[in-house]
Structure formats: C-alpha cells, structure tokens
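The sequence and structure come first.

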Amino acid sequence: MTILTLRKPQHHLMHYAPGLALTALVAGAALWAGAIPAVAGAGLSALTLAILAGMLVGNTVYPRLWQSCDGGVLFAKQHLLRLGIILYGFRLTFAQIAQVGASGLLVDMLTLSSTFFLACWLGQRVFKLDRETSWLIGAGSSICGAAAILATEPVIKAQASKVTVAVATVVIFGTLAIFLYPLMWPWLNAFFSPETYGVYMGSTMHEVAQVVAAGHAVGPDAENAAVIAKMLRVMMLAPFLIFLAARVKQLAPANDGKRSAITIPWFAILFILVAVFNSFHLLPKPLVDALVTLDTVLLAMAMAALGVTTHLSALKKAGVRPLLMALLLFFWLIVGGGVINVIVERLMA
C-alpha cells in the first residue's frame with residue numbers, strides 16, 4: 001500500500017526572508033545616504049552606494065550569515081532585478097524622443113553602437129579580457145551605467161565578480177565626468193549651445209545621476225537637454241539586450257549540430273511595453289511616482305545583493321586591464337562622442 005505524504009515546499013517564505021531583509025537594510029541605508037544633498041550633488045546614486053555597502057557587508061559579516069541569507073540574496077539579485085528593470089519604464093515616455101529630436105536620437109544610436117563595438121574589440125583583442133567582462137563594461141559605458149550592467153548580467157550569465165568590476169569602472173570614470181564636463185564647457189561653447197552641450201553630456205556620460213549633476217553645473221537648459229538625451233539612451237537598453245541575447249545564442253556551442261532557440265529577455269520587452277503604456281499617461285502622477293520609488297528600492301536591493309555576493313579577492317584577480325579598457329572608452333566617449341555630436345548637429349541643422 002502506498003502512503004501519500006505532503007512534502008513541505010523547499011523554498012518557503014522563511015527561506016527568502018532573512019536574505020531579503022538583509023538586502024532591504026543595505027538598500028535602505030544607501031537610499032538614505034543618496035538623499036543627502038552633498039552626496040547627491042556629487043552624482044553618487046543610490047545604486048552605486050548600494051553595491052559599495054553590499055560589498056562591505058559581504059566581505060565582513062556575511063560569511064557568518066550566508067547559510068540563512070543566501071536564498072533571499074540570490075532572489076533579490078535575480079528576480080527583483082528583472083522586476084526593477086521592467087518598472088524602470090515608468091521613468092520614460094516616447095514624448096521625450098520628440099523633445100530631443102531626430103538628431104538627438106541619431107547621436108545616441110551612433111554613440112551607443114560605436115562605444116559597445118569598441119569595447120568588444122578592446123576587451124578581447126587588445127586587453128585579452130574574457131567576453132563577459134568586455135560586454136559588461138561596454139554595456140555600462142555605452143548605455144546607462146550600473147543599471148545596464150545589471151540588466152546585461154542575466155542575459156550573458158556573468159559571474160558576480162565580473163559584474164562588480166564593470167560597475168567599478170562606471171563609478172570611477174562616471175564620477176570623474178561629473179567634474180570634467182562642466183570644466184570643458186567654457187572651452188567648447190564655440191561648438192555647442194547650452195542645449196546641444198546638454199545632448200552631448202546625455203549621450204556620453206555613464207549614469208543618470210551623473211548626467212543630472214553635471215548638467216546642473218552647466219545650466220538649466222543644458223541640464224534639461226542632458227536628462228532627455230540620457231533617458232532616450234536608456235530606452236535603447238531593451239533592443240540592445242535582445243541583440244545581445246541573439247549574439248549569445250549564436251556564439252553558444254551547437255547541440256547535436258543544431259543551435260538552440262534564442263532566449264528572449266522578456267523583462268526587456270516588458271520594459272518597452274511599460275514605457276509605451278506610460279506614454280499615454282493613463283495612471284495618476286502620484287501612482288507613477290510611487291512606482292518609480294518602488295523601482296529605485298528594488299534596483300537598490302538588487303545592487304546590494306550583487307555587492308554582498310562579491311568577494312574582494314575576485315576583484316583583485318581582475319587586475320588593471322579592465323580599468324585601462326574603461327579609460328580608453330571614457331576617452332572615446334569624450335572625444336569621439338563629441339565629434340559625433342558636432343557632425344550630426346551640423347548635418348541636420
């Protein structure tokens with residue numbers, strides 16, 4: 001006689017609760033610090049602070065907590081990340097494209113594609129880095145910093161240490177850009193108006209927070225144009241991820257002579273759909289603001305989880321080559337991105 005027994009689900013709520021609580025605590029501290037005027041004025045976003053705080057926790061107390069927290073930390077790193085990318089669409093509308101215009105759209109496309117393909121060539125051919133590290137640094141430099149790196153990670157299945165190395169390059173050179181772009185403005189105003197200089201900043205700087213900080217230092221017209229150009233660049237994240245997913249499958253080893261089907265990053269598709277939905281302004285503004293706040297919390301928790309699972313020993317193994325590669329990309333964004341901006345503006349004037 002067979003006796004049927006009910007098995008308790010392995011992944012019940014308490015399996016995730018400790019790790020989620022830990023990431024929420026780290027994210028909350030990062031959000032609080034990011035709201036301090038001096039910190040926000042320096043362009044340090046809550047996402048950047050969350051990964052730094054997560055690394056501090058991960059390399060001090062977490063080795064004694066990981067058995068009870070690992071399930072929730074991994075859940076935040078994977079599933080909360082995808083949900084955060086989807087909700088990111090509530091920050092965008094397609095009306096922003098019209099404000100920047102066709103020239104801004106073309107500038108963003110040319111800057112993004114040239115920077116990413118340069119990253120692939122530099123990383124693998126010049127600096128002999130692995131493909132995943134090259135792609136992650138390229139995504140962060142060419143699109144929207146840490147958020148793009150986080151979104152790219154599940155598509156290419158990169159290790160946490162590689163993701164953290166890529167985020168570190170965004171933090172270093174993006175922070176440097178906050179001070180450099182306003183200093184360059186007096187020397188470049190013969191080539192740019194405040195609005196076109198704003199498009200230049202938005203199309204070449206790493207993080208949204210960094211663009212806001214640098215644009216504010218130049219002036220209100222530059223700041224508005226910079227933010228719009230940057231958010232338009234963020235909207236290109238979804239098609240970029242679809243392209244990358246197809247490339248991953250193309251490079252994957254064949255199974256019995258047949259290639260497996262492309263795995264579509266559905267969270268990227270949903271990101272676009274949310275942005276389309278948000279363009280119709282069907283939801284009241286307080287609700288949209290609440291969703292944007294929730295999105296910031298989810299992304300901060302995902303970044304905290306990433307930091308917690310990153311060990312400094314893995315970063316030391318990366319060496320100086322990723323930083324040198326990111327430095328060259330930074331130089332390209334300033335010089336090459338500037339040339340692209342000037343040429344497109346002249347041709348489409």
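## Largest pocket

About 460 Å³ of space lies in the largest pocket. A pocket is found on a 1 Å grid over the protein atoms alone, as an open set of points where a 1.4 Å probe fits, with protein on both sides within 12 Å along at least five of seven lines; lining residues have an atom within 4 Å of a point. Grid points are joined across faces, edges and corners, and the volume is the space filled by probe spheres set on the points. Of the 21 lining residues, Ser 45, Ala 46, Arg 91, Val 208 and Ala 209 are the closest to the centre of the pocket.

The elements that give two or more residues to this lining are helix H1 (13-34), helix H3 (46-58), helix H10 (208-218), helix H11 (220-235) and H14. The largest share, 3 residues, comes from H10. Helices are DSSP runs of H or I with at least four residues, numbered from the N terminus.

## Basis of the model

This is a predicted model, in which local features need pLDDT of at least 70 and side-chain atom pairs count only at pLDDT 80 or more, while totals for chains, interfaces and linings use all residues. Residues are numbered from 1 along each chain as its sequence is written, and side-chain values use heavy atoms, with hydrogens and water left out.

## Nonpolar core

The largest nonpolar core has 101 residues, of which Tyr 181, Tyr 197, Met 201, Leu 237, Phe 240 and Met 303 touch the most other members. Such a core is a set of buried Ala, Val, Leu, Ile, Met, Phe, Trp, Tyr and Cys residues joined through side-chain atoms within 4.5 Å. Buried means under 20% relative accessible area, exposed over 50%, and partly exposed in between (1.4 Å probe, protein chains only). Helix H14 (residues 285-308) supplies the largest share of this core, 13 residues.

Apart from residues up to four places away in sequence, Met 303 touches Leu 47, Ala 50, Ile 51, Ala 146, Leu 150 and Val 167. Contact here means heavy atoms within 4.5 Å.

## Helix H12

Helix H12 spans residues 237-251, 15 residues in total, and reaches 21 Å from its first C-alpha to its last, close to the 21 Å expected at 1.5 Å a residue. The expected span is 1.5 Å times one less than the number of residues.

The buried residues of H12 are Leu 237, Ala 238, Phe 240, Leu 241, Leu 244, Ala 245 and Val 248. Seen down the helix axis, these residues fall within an arc of 150°, so they line one face of H12. The arc is taken over the directions from the helix axis to the C-beta atoms. Leu 237 and Phe 240 are also among the core residues that touch the most other members.

## Individual helix residues

Val 107 is found in helix H5 (residues 95-126) and is buried, with a relative accessible area of 2%. Leaving aside neighbours within four places in sequence, Val 107 is in contact with Ser 203, Ile 340, Asn 341 and Val 344. Val 107 and Ile 340 are 233 residues apart along the chain, yet their C-alpha atoms are separated by 6.5 Å. Ile 172, found in helix H8, is partly exposed at 42% relative accessible area.

Helix H11 contains Glu 223, which counts as buried at 19% relative accessibility. Not counting residues up to four places away, Glu 223 touches Val 212, Gly 215 and His 216. Ala 225 is likewise found in H11 and counts as buried at 13%. Its contacts, with neighbours within four places left aside, are Glu 195, Gly 198 and Val 199. The C-alpha atoms of Ala 225 and Met 201, 24 residues apart along the chain, are separated by 8.7 Å.

## Loop residues with positive phi

Most residues other than glycine have a negative phi. Lys 128, although not a glycine, has a positive phi of about 55°. Lys 128 lies in the loop between H5 and helix H6 (131-144) and is exposed, with a relative accessible area of 57%.

Lys 157 also has a positive phi of about 55° without being a glycine. The place of Lys 157 is in the loop between helix H7 (146-156) and helix H8 (160-188), and at 68% relative accessibility Lys 157 counts as exposed.
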